[in-house]
Amino acid sequence: MVESEPNILMQNWEDDYLIETAIDSPRVWNTLYDEIEIQELKSNRYDEVLKMIKEHYIHDEPIIQSSKMHTDNGSVEEYLYLVRTWMKDTLSTVAVEQKTGNLVGFIVCRFNELNNRDPEFSKDRVYEGIGTELLTNVVMRQLPEYRWFDIDVIAGVFTDKVSQNIAASLGMETLYDFIYSAWTVANNTTGEQDEFFKQIVRDNYSAKVMSMKVSTSPSNHSYA
């Protein structure tokens with residue numbers, strides 16, 4: 001009688017180092033263009049996401065740009081603190097270049113319960129191609145795994161035209177459309193109402209609250 005070979009897979013998993021490596025390694029959801037991996041966001045990449053926000057996002061996002069928030073260090077640091085808190089939810093995802101390991105995109109999502117809502121909205125920055133895949137990944141792959149959260153709706157605030165088009169292409173509908181030119185503030189000198197958004201960047205005329213139904217649960221208790 002010939003003894004069978006030992007189970008190699010089981011042998012590997014009995015190795016403490018390999019177990020720790022598997023736990024620490026990010027889950028890869030998909031590979032885009034054969035060179036960009038869509039991965040779960042692990043805590044060791046939080047600082048990279050925050051750096052990308054600080055160096056790029058806050059200088060490009062229409063509301064932050066018009067409010068000049070990016071010129072106030074205290075406001076920037078408070079915003080980054082909030083984002084770090086939001087990233088701890090497991091829906092946040094990153095796009096990583098395979099050859100270099102560099103971060104090239106991200107989307108920050110979080111869970112909110114209807115009966116215990118956090119007043120702060122999750123900020124998500126999406127771009128065509130990579131942006132579409134990041135948002136698709138959340139809706140089609142990640143959310144279906146969270147049936148026990150009774151998730152019924154995914155919603156987000158999309159502040160520029162590119163991200164709004166991406167959301168609409170995936171079936172998200174506009175619940176509220178805030179026109180930037182309608183936002184006015186009182187002029188301290190004249191007392192008249194001045195437009196808050198004095199400059200429209202790249203045809204970004206409004207911010208939209210957009211949402212869509214997801215088929216993870218038949219109940220109506222929460223949203224992401």
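I started at Phe178, which is partly exposed, with a relative accessible area of 23%. The ring centres of Phe178 and Trp183 are 5.5 Å apart and their planes stand at 80 degrees. I set that against the cut-off for edge-to-face, over 60 degrees. The pair is therefore edge-to-face. Trp183 is partly exposed too, at 31%. I note here that I am working on a predicted model.

**Other rings**

How many aromatic pairs does the structure hold? I find four. One of them joins Phe178 to Tyr180, edge-to-face, with 6.4 Å centre to centre and 75 degrees between the planes. The pairing limit is 6.5 Å between centres, so I checked the distance for this pair against it, and 6.4 Å passes. Is Tyr180 buried or exposed? Tyr180 has a relative accessible area of 1%, so I log it as buried. Elsewhere, I traced a cluster: ring pairs link Tyr57, Tyr79 and Trp86. I also looked for a charge over a ring. Arg27 lies over the face of Trp29, at 4.1 Å from the ring centre.

Next I went to strand β2, residues 36-40, where Gln39 has its place. Its relative accessible area is 7%. Buried means under 20%, so Gln39 counts as buried. What does the side chain of Gln39 touch by a polar contact? I find the side chain of Glu37, at 2.8 Å. I then listed contacts, leaving aside neighbours within four places in sequence. Gln39 is in contact with Pro26, Arg27, Val28 and Trp29, among others. The list also includes Arg45, Thr93, Val94 and Val96.

I checked the loop between β1 (28-32) and β2, where Tyr33 has its place. Tyr33 is not a glycine, yet its phi is positive, about 60 degrees. Is Tyr33 buried or exposed? Tyr33 is exposed, with a relative accessible area of 52%. Exposed starts over 50%, so 52% qualifies. Asp34 lies in the loop between β1 and β2 as well. Its phi is also positive, about 60 degrees, and Asp34 is not a glycine either. I log Asp34 as exposed, with a relative accessible area of 70%.

**β3 and β4**

Which way do β3 and β4 run? I find them antiparallel, with four bridges joining β3 (residues 93-97) to β4. I then checked cover on β4 (residues 103-107): four of its five residues are buried.

**Helix α7**

Last, I looked at helix α7, residues 161-169. Which of its residues are buried? I find Ser163, Gln164, Ile166 and Ala167. Looking down the axis of α7, I see the buried residues fall within an arc of 160 degrees, so they line one face of the helix. What do those residues pack against? I traced α6 (130-142), β6 (151-158) and β10 (206-213). Gly171 follows α7, and its phi is positive, near 100 degrees.

Technical notes:
Residues are numbered from 1 along each chain as its sequence is written. Side-chain values use heavy atoms; hydrogens and water are left out. Buried means under 20% relative accessible area, exposed over 50%, partly exposed in between (1.4 Å probe, protein chains only). Helices (H or I, at least four residues) and strands (E, at least two) are DSSP runs, numbered from the N terminus. The arc is that of the directions from the helix axis to the C-beta atoms. Contact means heavy atoms within 4.5 Å. A polar contact is a pair of N or O atoms within 3.5 Å; within protein, one must be able to donate a hydrogen and the other to accept it, and residues adjacent in sequence count only if both atoms are side-chain atoms. Rings of Phe, Tyr and Trp (its six-membered ring) pair if their centres lie within 6.5 Å; planes under 30 degrees apart count as stacked, over 60 as edge-to-face and the rest as tilted. A charge sits over a ring if NZ of Lys or CZ of Arg is within 6 Å of the ring centre and within 35 degrees of the ring normal. Two strands pair if DSSP finds at least two bridges between them.
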